[in-house]
Amino acid sequence: MTTNQIAKLERTRVRPKVELAAALFGVIVYTSANGFMTGGLGVAGRQLGLSSVDVGLILGLGALVGVIASPAWGYAAEKWSRRTLTLCAVPMVAFGPAVMAIVTGQFLLMSAAVAAFSLGAARLVQATFGAALIPVAQAYVADLTEPARRIRGMGWLSAAISFGTLSGSSLLWLTGQLGVVSGFAAIATLGIFAWLTASLYLPEAPPRTRLALDEMKLPLSAIWPYLVITFVGFTCYTTVPPIFALRLMDRFKMDAGTATAQTGLVLTVGVVAVCLAQALIAAGFFKSPLLMLRGGSVGIFAGLAMLVMAQGTLAMCLSMIVIGFAVGFLAPAVLGAISLLGGQGAQGKIGGVNMAARGLGSAAGPILGTNLYQANPDAPFWASMALIVCVFLLTFLTRDASGRPR
């Protein structure tokens with residue numbers, strides 16, 4: 001009979017909370033860079049002579065590389081040292097924003113074409129290695145939580161992801177008048193601290209026990225609806241934010257610095273609402289993935305309807321509070337459900353394929369949003385509303401794993 005790996009981890013780890021925090025620190029750096037780039041790269045690109053489509057391609061192609069890299073990282077997390085993977089990935093995640101700081105600060109004389117290439121290459125490096133951090137962290141959470149507490153554990157992982165996005169959005173708001181170069185530099189510095197924390201506190205995993213074949217198999221037949229929900233949901237969520245600053249400049253005639261700061265404010269209040277919802281999930285107030293997904297979908301639709309009618313920054317903030325609180329239920333519901341539907345030896349693989357679906361949606365969203373904006377400034381909002389209706393309908397094809405014993 002196979003020894004339970006969770007019990008082994010709990011016996012051998014004397015500081016599991018500190019070690020899990022060390023694993024999540026890199027996730028925070030990765031998602032903070034994504035959050036900052038989502039709102040700030042549009043303004044920086046325009047100042048460098050790039051079009052909104054160019055910026056959309058940089059953001060979208062960077063996310064697209066995660067589609068390829070994430071499953072590979074997930075499989076690697078089940079075979080190689082998770083500590084080594086983390087220590088290799090975090091510095092490269094910091095390297096991307098460091099290069100962007102140099103390019104956007106115009107410390108080197110370069111043409112618009114060279115600037116676009118440099119930003120795109122930096123984004124690809126950041127996205128490729130960043131794709132490792134969430135699957136590895138998801139495997140850590142699965143190791144350290146019993147099935148009955150899995151939704152709560154994934155709530156903490158989702159909260160770390162959201163806190164990173166919040167940090168990036170807040171940084172965009174705070175550095176709007178100083179220029180995005182200061183924000184990219186701050187994220188790169190944070191990455192150095194994340195690497196030092198991981199090197200000090202993240203231990204090697206104990207030797208893995210031999211698991212049954214079913215525990216190591218990727219359960220695609222059971223989790224595919226959740227993967228589609230992840231893809232559609234992230235396409236919906238990333239369609240609108242990249243055009244916020246452009247909308248403020250074009251419709252409300254704000255200058256670049258003011259538009260950047262106001263975009264940061266709108267994104268910040270939205271992510272605060274996300275964090276609030278996920279804190280409630282981590283505290284154990286919500287346990288059914290299906291109810292969380294359906295309620296979240298309805299809330300996002302209502303918030304998008306408010307957003308398309310918003311006539312100023314305050315109205316946009318109120319709309320994003322509604323959207324953010326509703327969005328906060330989606331990721332933990334999906335992460336918890338697919339973790340429970342998979343075996344102990346497949347957690348990294350599950351995290352990798354879900355991250356691939358997330359990356360595909362994050363790649364499609366900015367490209368869709370920026371191209372629709374060229375046709376009609378309101379079109380990205382209507383497209384997002386149609387996508388969230390699809391998420392709601394997909395929940396009727398899923399299995400509720402909240403009570404599944406392991």
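User: What does the accessible surface of the protein come to, and what share belongs to carbon and sulfur atoms?
Analyst: About 15800 Å², with 70% belonging to carbon and sulfur atoms. Accessible areas here come from the Shrake-Rupley method with a 1.4 Å probe, and for residues only the protein chains shown count as cover. Before we go on, this is a predicted model: local features need pLDDT of at least 70, side-chain atom pairs count only at pLDDT 80 or more, and totals for chains, interfaces and linings use all residues. Residues are numbered from 1 along each chain as its sequence is written, and side-chain values use heavy atoms, leaving out hydrogens and water.

User: New topic. How many aromatic pairs are there?
Analyst: The count is four. Rings of Phe, Tyr and Trp (its six-membered ring) pair if their centres lie within 6.5 Å; planes under 30 degrees apart are stacked, over 60 edge-to-face, and the rest tilted. One of the pairs is Trp73 with Phe129, which is tilted, at 6.0 Å centre to centre and 50° between the planes.

User: Where do Trp73 and Phe129 lie?
Analyst: Trp73 is in helix α3 (residues 52–79) and Phe129 is in helix α5 (residues 112–130), so the pair ties together parts 56 residues apart in sequence. Trp73 is buried at 16% relative accessibility, while Phe129 is partly exposed at 24%.

User: What kind of pair do Phe392 and Phe396 make?
Analyst: Their ring centres are 5.6 Å apart and their planes sit at 75°, so that pair is edge-to-face. Phe392 is partly exposed at 29%, and Phe396 is exposed at 51%.

User: Which residue lies over the face of Phe396?
Analyst: Arg294, at 4.2 Å from the ring centre. The rule for a charge over a ring is NZ of Lys or CZ of Arg within 6 Å of the ring centre and within 35 degrees of the ring normal.

Methods. Helices (H or I, at least four residues) and strands (E, at least two) are DSSP runs, numbered from the N terminus. Buried means under 20% relative accessible area, exposed over 50%, partly exposed in between (1.4 Å probe, protein chains only).
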